[in-house]
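Student: Please take a close look at one part for me. I would like to follow how a single chain is built, step by step.

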Amino acid sequence: MRALVIDDSRAMRAILRKILRGIGVDVTEAEHGRAALDVLRGATTFELALIDWNMPEMDGLQVVKAIRADRRLDAMRIMMVTTETEMGQVVRAVEAGASEYLMKPFNAAAVVEKLAILGLLETE
Amino acid sequence: MSVSPESFAHVCALVRRRSAIVLESGKEYLVDARLGPVAKDAGFASIDDLVAHVRRIEAGREHEELARSIVEAMTTTETSFFRDVHPFSILETKVLPELVQARARRRALRIWCAAASTGQEPFSVAMLLCEHFPQLASWDVRIFATDINRAVLDRARSGVFRQLEINRGLPVRMLVKYFDRRGLDWQIKPEIRRMVSFQELNLLERWPLFGRQDVVLMRNVLIYFDVPTKKQILGRVREVMAEDGVLFLGGTETTMNLEDSLVGERLAGPGVLFRAKGAAGRPGETKTG
């Protein structure tokens with residue numbers, strides 16, 4: 001499985017990279033939304049995008065909307081990974097097309113369980 | 001706060017006598033980690049002082065309270081929403097459709113979560129029922145959620161969960177549909193809370209259950225017990241199960257060589273469920289309830 005981590009924080013990208021690689025996921029990183037869209041429109045297919053909300057230039061919600069406007073990316077799951085924890089924000093993200101929502105701070109188990117919810121990981 | 005060998009031995013004996021939980025040598029670190037706060041809360045300088053006091057006073061209300069606090073602190077309360085995923089998929093796609101058909105005339109369902117901890121498991125079952133079996137709204141459906149630990153039951157009854165708990169295994173569409181924000185925490189909606197009855201229950205003592213259970217979830221409980229206790233508890237589980245009821249155990253647990261009347265049924269996907277011998281795959285209307 002291949003995942004794209006989109007977050008302007010280098011530390012947060014490193015945390016997610018470590019957790020995801022630990023369960024055998026290939027990880028690519030993008031530090032903002034525009035770079036992420038360039039990667040997603042390239043030749044590589046990603047099963048999952050993990051998207052921060054608050055980023056400069058293009059925020060995470062705009063990235064979600066741009067991805068969902070692109071039919072070629074329909075199959076890709078989107079998980080918001082964010083400090084935004086108000087119910088209104090959660091609903092906005094889901095309505096925009098986010099498949100899952102993870103609130104910061106989180107632990108490795110939470111990431112693994114979210115991947116299982118998305119059908120990207122078998123649990124035993 | 002490091003526990004002495006003598007205190008450790010006493011804690012092991014106390015916990016085993018009261019809960020059947022086996023603490024093997026090497027688990028001193030667990031006693032240190034979990035009883036340190038208990039000792040501090042009760043005003044003792046060390047775990048050894050707490051244990052010595054409990055031994056000295058022998059009986060009475062204070063002894064009982066402290067002994068219970070020790071036992072409760074040594075129970076494992078690890079849980080998450082829809083833990084392991086597949087038991088809930090099996091409930092949704094196999095067990096509950098069969099039971100709904102089999103109970104169509106009586107219109108009643110009994111589900112027992114035997115180690116409910118802070119409530120994530122019974123509330124997951126309740127959300128699953130609401131989500132996939134709306135016809136059960138007019139049935140007599142009862143989810144009994146029991147645990148030996150009173151502190152976790154109090155938390156479970158409140159239906160309030162911290163963000164770290166909400167992050168664990170709860171699909172976002174369930175969060176949006178069944179929870180309200182309460183300050184920094186989240187509270188499960190009253191209609192889900194009402195479906196679950198929480199009750200204190202020590203598996204070694206009397207089981208105050210009501211009627212035969214159609215589904216028993218006793219996951220990651222038996223692992224803490226010795227073989228005679230496992231046998232005794234599984235035998236009693238069989239007695240409280242409906243003839244066509246099902247039992248879910250934890251991923252590493254089995255009835256094999258422990259209770260022959262409960263037979264594992266392998267499924268196409270991951271996970272195993274256990275049914276009474278002779279009832280495997282053939283649910284029918286039970287006579288008792």
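Tutor: In this predicted model, chain B has a radius of gyration of 20 Å. A compact globule with 289 residues would have a radius of gyration near 19 Å, so chain B agrees with that expectation. Now look at the extent of the trace. Along its principal axes, the C-alpha trace of chain B spans about 60 × 50 × 35 Å.

What is chain B made of? Eleven helices and ten strands are found in it. Next, ask how the chain contacts itself. Take the contacts in chain B with a separation of 6 or more: 75% of them join residues 24 or more positions apart. Of the 289 residues, 54% count as buried; buried here means under 20% relative accessible area.

The accessible surface of chain B comes to about 13,000 Å². Carbon and sulfur atoms hold 51% of that surface. Then there is charge. Chain B carries 42 positive side chains and 37 negative ones. The centres of these two sets lie 5 Å apart.

Chain B also meets a helix of chain A. That helix is α5(A), residues 108–117. Its buried residues are Ala110(A), Val111(A), Glu113(A), Lys114(A), Leu115(A) and Ala116(A). From chain B, α9 (172–178) packs against them. From chain A, the partners are α1 (10–22), β3 (48–51), β4 (77–82) and β5 (100–103). After α5(A) comes Gly119(A), with a positive phi near 75°.

Conventions
Residues numbered from 1 in each chain as written. Chains lettered and ligands numbered in written order. Predicted model: local features only at pLDDT ≥ 70, side-chain atom pairs only at ≥ 80, totals over all residues. Heavy atoms only, no water. Buried < 20%, exposed > 50% of the residue type's maximum accessible area, 1.4 Å probe, protein only. Helix = DSSP H or I, 4+ residues; strand = E, 2+ residues; numbered from the N terminus. Contact = heavy atoms within 4.5 Å. Rg over C-alpha atoms; globule rule 2.2 N^0.38 Å. Areas by Shrake-Rupley, 256 points an atom, 1.4 Å probe, with all protein chains shown as cover. Lys, Arg positive; Asp, Glu negative; His and termini not counted. Charge placed at Lys NZ, Arg CZ, Asp CG, Glu CD.
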